[in-house]
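Dear colleague,

Please find below the structure I am handing over to you, with its sequence. My notes on what was found in it follow directly after.

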Amino acid sequence: MPTDEILGHADEADGIEEYDNALPGWWLGLFAITIVLGVAYAIHWFGTDQSQTAIYEAEVAAAEQQWPTPDANAPIATDAASVDAGKAVYDQNCVACHGADMTGGIGPDLTDAEWVHGGTIEEIRATVTDGVPEKGMLAWGAILGPDKVAKVSAYVHAGGGGL
Ligand code: HEC
């Protein structure tokens with residue numbers, strides 16, 4: 001192919017003349033390498049799923065390992081330390097309505113053996129978790145989390161009226 005012929009479209013290109021020479025070998029070589037690398041990277045990317053979704057899911061799984069979501073149905077510990085921890089939760093969140101001694105006020109007495117929603121430790125946990133919104137008792141599950149709810153349930157249950 002001749003290398004000294006001007007293509008002759010300077011009139012379309014602001015007077016810029018152009019030859020139709022082959023690209024240099026080193027340039028074509030680099031171009032070929034980018035294609036090979038691109039294909040290799042695509043195979044690697046899809047083969048090992050490097051997508052943001054996969055990375056996110058892997059991180060969430062690792063976090064779940066490290067900080068497991070507390071189980072809302074885990075057995076409730078009733079040892080003295082748990083009940084004490086439950087008292088701290090009660091004093092902070094429940095006193096205003098159920099009284100410092102749990103004998104009630106805005107909310108009902110929790111020390112007698114009369115229960116609207118049941119007085120077993122599991123029933124207490126269910127009431128505290130889901131609340132009775134129409135009566136002004138909040139759904140504490142979402143506010144305190146399963147662990148604190150279990151502890152405060154143990155405390156309420158131990159408070160005298162537990163069935
Ligand atoms: C804003 C006031 C208020 C606060 C704060 C509150 N409660 Fe209540 N609670 C109530 C009311 C009102 C009821 C009665 C619901 C009904 O009659 O159905 C109730 C009911 C209950 C019951 C069921 C009693 C039964 O007889 O079955 C339990 C258990 C209970 N609360 C525990 C707690 C605990 C534990 C906390 C703190 C985490 C708390 N409450 C905080 C107002 C409150």
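I begin with arginine 125, which counts as buried because its relative accessibility is 6%. Please keep in mind throughout that the model is predicted. The side chain of arginine 125 meets that of glutamate 122 in a salt bridge, at 3.1 Å from N to O. The two residues are three apart in helix 5, and therefore separated by about one helical turn.

Besides the one in helix 5, aspartate 91 forms a salt bridge with lysine 87, with 2.9 Å between the closest N and O atoms. These two residues are four apart in helix 3 (residues 80-93), so about one helical turn separates them. Both ends are partly exposed: aspartate 91 has a relative accessible area of 38%, and lysine 87 is at 35%. Lysine 151 and aspartate 147 also meet through their side chains in a salt bridge (3.1 Å, N to O). They lie four residues apart in helix 6, again about one helical turn. Lysine 151 is partly exposed at 23%, as is aspartate 147 at 43%.

The metal site may be of particular interest to you. Which residues coordinate the iron atom of the ligand? The donors from the chain are His98 (NE2) and Met137 (SD), at 2.0 to 2.1 Å. Histidine 98 belongs to helix 4 (residues 95-98), while methionine 137 sits in the loop between helix 5 (121-130) and helix 6 (140-158), so the pair ties together parts that are 39 residues apart in sequence. The site has six donor atoms, with angles of 87 to 178° among them, and is octahedral. Histidine 98 and methionine 137 are both buried.

As to the cysteines, the count of disulfides is zero. Cysteine 94 is buried, with a relative accessible area of 12%, whereas cysteine 97 is partly exposed at 28%.

Finally, a nonpolar patch lies on the surface, with about 1100 Å² of accessible area together; its members include Trp26, Trp27, Phe31 and Ile33. Isoleucine 33 lies in helix 1 (residues 25-48) and counts as partly exposed, at 46% relative accessibility.

With kind regards

Key:
Residues numbered from 1 in each chain as written. Predicted model: local features only at pLDDT ≥ 70, side-chain atom pairs only at ≥ 80, totals over all residues. Heavy atoms only, no water. Patch = residues over 30% accessible without salt bridge, like charges linked within 9 Å, V, L, I, M, F, W, Y side chains within 5 Å. Areas by Shrake-Rupley, 256 points an atom, 1.4 Å probe, with all protein chains shown as cover. Salt bridge = Lys/Arg side-chain N within 4 Å of Asp/Glu carboxyl O. Buried < 20%, exposed > 50% of the residue type's maximum accessible area, 1.4 Å probe, protein only. Disulfide = S-S within 2.5 Å. Donors = N, O, S within 2.8 Å, 3.2 Å for Na, K, Ca; no water. Tetrahedral: all angles 85-135°; square planar, octahedral: opposite > 155°, others 65-115°.
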